[in-house]
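Open the model in the viewer and keep the selection tool at hand. The stops below say what to select and what is found there.

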Amino acid sequence: MVTNYEGEQIQIPESLPMLPVRDIVIFPFMILPLFVGRDSSIKAVEEALARNDRLIFLSSQKNTADEFPQPDGIYPVGTIAMIMRMRKLPDGRIKILAQGLTKARIKEFTQTEPFYRSTIEKIDEVVLDAADTVEAEALMRNVRENLEKVISLGKVLSPDILMVLDDVNDPGRLSDLVASNLGLKMSEAQSLLETFNPLVRIKAVNEILIRELEVLAMQAKIRSQAKDEMTKSQKEYFLREQIRAIKNELGDGDNKQEEAQELRQKVIDAKIPEESEQEVIKQLSRLERMHPDSSEASILRSYLEVVVELPWNKFTEDNLDLKHAKKILDEDHFDLQKIKERCLEYLAVRKLNHSMKGPILCFAGPPGVGKTSLGRSIARALGREFLRISLGGVKDEAEIRGHRRTYVGAMPGKIIQGLKQVKSKNPIFMLDEIDKLGNDFRGDPSSALLEVLDPEQNNTFRDHYLNLPFDLSNVMFLATANVLDTIPAALRDRMEIIQLSGYTEDEKLKISKQYLLPKQIKENGINDKQIEVLEEALKYTIENYTREAGLRNLERLIGTLCRKVARKVAEGEKEKIRVTAEVVGKFLGAPVYTREDQQDRDEVGISTGLAWTQAGGEILFIETSCSKGKGAVILTGQMGDVMKESATTAMGYIRGNADRYGLDEKFYNEQDLHVHIPAGAIPKDGPSAGIAMATAIISRLTGIPIRRDVAMTGELTLTGKVLPIGGLKEKALAAMRQGITKIIIPYKNLKDLEDIAEEYRDKLEFLPVKHIDEVLQFALEKVPGKKEKKSSGGRSRDRISERGAA
C-alpha cells in the first residue's frame with residue numbers, strides 16, 4: 001500500500017503499463033510534467049488513465065537517442081507514479097502531470113506491443129537502527145546547510161525547497177527531494193535511485209552538494225577575477241573559462257581524455273622501440289595531468305605529435321631487379337658508369353644480404369654535371385622515397401641535431417624533419433652542397449654530421465629535440481660537393497668519394513640530342529612537328545656559347561632556341577622551323593667563345609697551362625716579357641701564394657742552371673722579368689703551373705718559340721723534377737675542348753689515365769715527363785743550350801699515346 005497526493009491508500013498491482021522516459025530520472029514524491037510523443041508511450045498513458053488508480057510505471061532509458069528502446073535498453077529500477085492530470089497538445093503530443101509514489105523493480109516484460117507492460121515488485125527502504133538514525137540526522141542537517149550555501153552562491157533552485165525540507169524528517173525522502181532538484185546527470189541520478197539504504201543515499205547526496213559548492217566557489221572566483229575589465233573579448237574568455245572550470249571540477253574533461261587516448265593509440269600504432277616507448281608514455285602521462293591551455297602542455301603536445309608521426313617502423317620495399325635499375329639509370333643519365341656500377345653493386349649485395357647498412361656516397365664534381373638528379377634516379381631505381389636538403393650556408397649545429405625543447409620555437413633538425421616528411425625509415429637522403437657548410441658561435445654542423453654519416457654510430461642517432469635514439473642505419477645517404485678541400489678530413493673519411501668530371505663536346509652533343517632538347521621542346525609547349533634542331537646547330541651552340549664543364553648553361557641556351565621558335569608558332573607560323581647553325585647565330589647573338597683563344601702560331605714566352613677549378617678544367621696562358629732592369633721578377637694576374645711560389649721556384653731553378661740552357665750567368669742582374677696570367681680579374685692558385693711557368697720563362701730568355709698545340713701541367717722542384725698533380729681528367733677535357741691534342745703530364749700521373757674514357761684517350765697524346773728537360777724537349781721547337789746528358793728519366797722523347805699508357 002502507498003499513499004497518493006490526496007492522502008488515499010492505494011494497492012500496488014503486480015502489472016502496470018510502463019513508460020520509458022528520456023533525459024530524467026523520476027524519484028518518489030517528485031511531481032513533474034512530462035511531454036509524451038511516441039505512439040507506444042501515448043498508448044501506455046491512455047492505458048494508465050483507463051485504470052481506476054491511474055498508476056503507471058516510469059523508468060529511464062539508457063540511451064537517450066534511442067527512439068524505440070528495447071527491454072534491455074531500459075533501467076530495471078524505476079518509480080511507480082500516479083497521473084494527476086493529462087492534456088492533449090495541438091501537435092499530437094500529450095502533457096501529463098505525474099507524482100512519484102514509490103520505487104519498484106521490473107520482474108518481467110509481459111507485453112511490448114502496442115506499448116510496454118511489465119510485472120513489477122515494490123522496493124521497500126532499509127530500516128535504520130538507532131545508531132544509524134543519529135548519523136542520518138547529522139547528515140540531514142549538513143545537507144540542509146550545504147543546500148542553503150549552494151542557493152546563496154547562485155544556484156537556481158525552487159524558492160520553496162528550503163521550507164519543504166524543514167518539514168521532511170526521513171533521510172531517504174530528503175535525499176530524493178534534494179537529488180530531484182539538483183539537475184544531476186542521468187547516470188548519477190539513477191545510481192541514487194538504485195541505492196535503497198537511506199543512510200548511504202544521504203551520504204552520496206551530501207558529497208554531491210560539497211562538490212557543487214566547490215564548483216560554485218570556483219565560478220565565483222573566475223567571475224571576480226574577470227569583473228574589473230569586461231570587454232567583449234574578455235567576456236567571451238570568461239564564459240569559456242567558466243565552462244572549462246566547471247567541466248574540470250566535475251571531471252567532465254571529455255575532449256582532453258579523447259585527445260590523450262588518441263595520442264596513446266598513435267604511440268601504439270607507431271611501434272616505437274620499447275625503451276623509447278616508455279619515455280613517450282611518461283611524457284604522455286605528464287600531458288594528461290597538465291591544464292590543456294598551459295604553455296608547457298602546448299610544447300609537450302607538439303613534441304608528442306612529432307614523435308608519433310616519425311617512421312619508427314615504416315619501410316618502403318626495395319626493387320631489387322638489377323635489370324630494371326640499370327634501365328632507369330641509363331634512361332636518366334648518359335655515361336657515369338662508375339656511379340651506375342656502384343648503385344648496382346649495392347642492389348646486388350642488398351639482394352643477398354637484407355640486413356646490410358645503407359652506404360654513404362659523396363658525388364664530387366663541377367656544377368651542372370648531374371649530381372643531384374643522379375640521386376633522384378637512384379631513388380627511382382630502388383623504389384625508395386627521395387629527400388633532398390641543402391646544406392649550403394648552414395652554420396648552426398641545431399639545423400642538424402635540432403633544438404632542445406627548453407628553447408622557444410624549438411624544432412627537430414633537418415634529418416628528423418626529413419624522415420617525418422617522407423614517412424619512411426629507408427629513404428634516399430641527399431645532403432646537397434656538403435662542401436659549403438659553415439660554422440660559427442652556434443656550433444659546427446660538420447661535426448654534427450659525423451654521427452649521422454657514421455654507419456657504426458647512426459643506428460642510435462639522438463636528435464636534441466626528440467632526446468630519443470633513432471636508427472638511421474637503413475637510410476642511404478648521398479652527398480654532393482664541388483670541391484673536397486673544404487670538407488673536414490674526419491667527415492670526408494666517412495664518405496665514399498665518387499668523382500664526376502665535366503663533359504666533352506661530343507658528350508654534350510649526345511646528351512643534348514637524347515635528353516636536353518626533348519625536355520626543352522616539351523617544356524616550351526611545342527612538338528617535333530613544329531621544330532627541327534639540326535646536329536650542326538647543337539655543335540655550333542656547344543662550341544661557341546658554352547665552355548663550362550656541366551650542362552646548365554647549355555640547357556638554358558637550348559631553352560632559348562625553343563622559346564624563339566615557340567614565339568613564332570604562337571604568332572601563327574605554320575611551317576616546321578629548322579634550326580641551323582646560321583639560325584643559332586641569329587637567335588643567340590654573337591658567339592661568346594671562339595677558337596681565336598688558341599694561338600694561331602708558335603710564340604716566344606707564351607706557354608699553355610692547365611688548371612682545375614670548381615667549374616671543371618680550364619686552360620691558362622702563361623705570358624712573359626723581359627726588359628732592361630736589375631733582376632726584378634714581377635708577377636701579375638691575381639696569382640695566389642702557391643702559384644707565386646711556383647714562379648719563384650721556376651726562377652730559382654733557371655738561375656741555378658743558366659749555363660745548361662745557354663744563358664748568361666748574370667742575366668738576372670741586367671733584366672727584369674714579368675710573368676702574367678690572363679684574365680687579371682680572376683684569382684688563380686695551385687701548384688700545377690710550375691712547369692708551364694718555367695717553360696715560358698726559358699722560352700723568353702732563349703728566344704725559342706713554344707709549340708701552340710702542346711699544353712702542360714705539373715709541379716716543379718728546385719732540382720728540376722716534375723711532381724704529380726690532381727684533376728688530370730678535368731684538365732684533359734679542357735684541353736680537348738680548346739682543340740689541343742698534346743698534353744705534357746707528370747710521369748706519376750700515368751695511372752690516372754684509366755679514369756678517362758678510351759674514346760677520348762684516343763684523341764689525345766699524353767707526354768709523360770720526369771724532369772723539366774723532357775718538358776722543354778716536347779714543348780720548345782728546339783732544345784736550348786748544348787746537349788750534355790740525358791734527363792733523369794733516362795729517355796730523350798718518350799711519347800705515350802693513350803693506348804700505350806693503358
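Select Lys271 to begin: with a relative accessibility of 57%, Lys271 counts as exposed (exposed is over 50% relative accessible area, buried under 20%, partly exposed in between, with a 1.4 Å probe and protein chains only). Lys271 sits in the loop that runs between helix 8 (254-270) and helix 9 (274-289). Helices here are DSSP runs of H or I with at least four residues, strands are runs of E with at least two, and both are numbered from the N terminus. The phi of Lys271 is positive, about 55°, although Lys271 is not a glycine.

This is a predicted model, in which local features need pLDDT of at least 70 and side-chain atom pairs count only at pLDDT 80 or more, while totals for chains, interfaces and linings use all residues. Residues are numbered from 1 along each chain as its sequence is written, and side-chain values use heavy atoms, with hydrogens and water left out.

Arg54 is another non-glycine residue with a positive phi, near 55°. Its relative accessibility is 29%, so Arg54 counts as partly exposed.

Now select Glu113 and Pro114 and look at the bond between them. The peptide bond joining Glu113 and Pro114 is cis, with omega about -5°. Pro114 belongs to the loop between strand 7 (94-111) and strand 8 (116-122).

Move to Asn319, placed in the loop between helix 10 (295-309) and helix 11. Asn319 is partly exposed, at 29% relative accessible area. What is Asn319 in contact with, leaving aside its neighbours within four places in sequence? The residues are His324, Leu347, Ala381 and Leu382, where contact means heavy atoms within 4.5 Å. For a distance across the model, pick Asn319 and Leu89: they are 230 residues apart in sequence, and their C-alpha atoms are 74 Å apart.

Select helix 11 (residues 322-332) together with helix 12 (residues 337-352); they pack at an angle of about 160°, with axes 10 Å apart. Axes are lines fitted to C-alpha atoms, for helices over the stretch in contact, and angles run from 0 to 180 degrees between N-to-C directions. That angle makes helix 11 roughly antiparallel to helix 12 (over 145 degrees is roughly antiparallel, under 35 roughly parallel, 65 to 115 roughly perpendicular and the rest oblique). Nonpolar covers Ala, Val, Leu, Ile, Met, Phe, Trp, Tyr, Cys and Pro; charged covers Asp, Glu, Lys and Arg; the others, Gly among them, are polar.

Ala448, in helix 16 (residues 445-452), is the next stop. Ala448 counts as buried, at 1% relative accessibility. Not counting residues up to four places away in sequence, Ala448 touches Glu397, Ile400 and Arg401.

Finish with helix 22 (residues 641-656) and helix 24 (residues 690-702), which pack at about 45° with axes 9 Å apart. That makes helix 22 oblique to helix 24. Residues of helix 22 in the contact include Met643 and Ser646, and those of helix 24 include Gly690 and Met693. The residues of the contact of helix 22 with helix 24 divide into 10 nonpolar, 2 polar and no charged.
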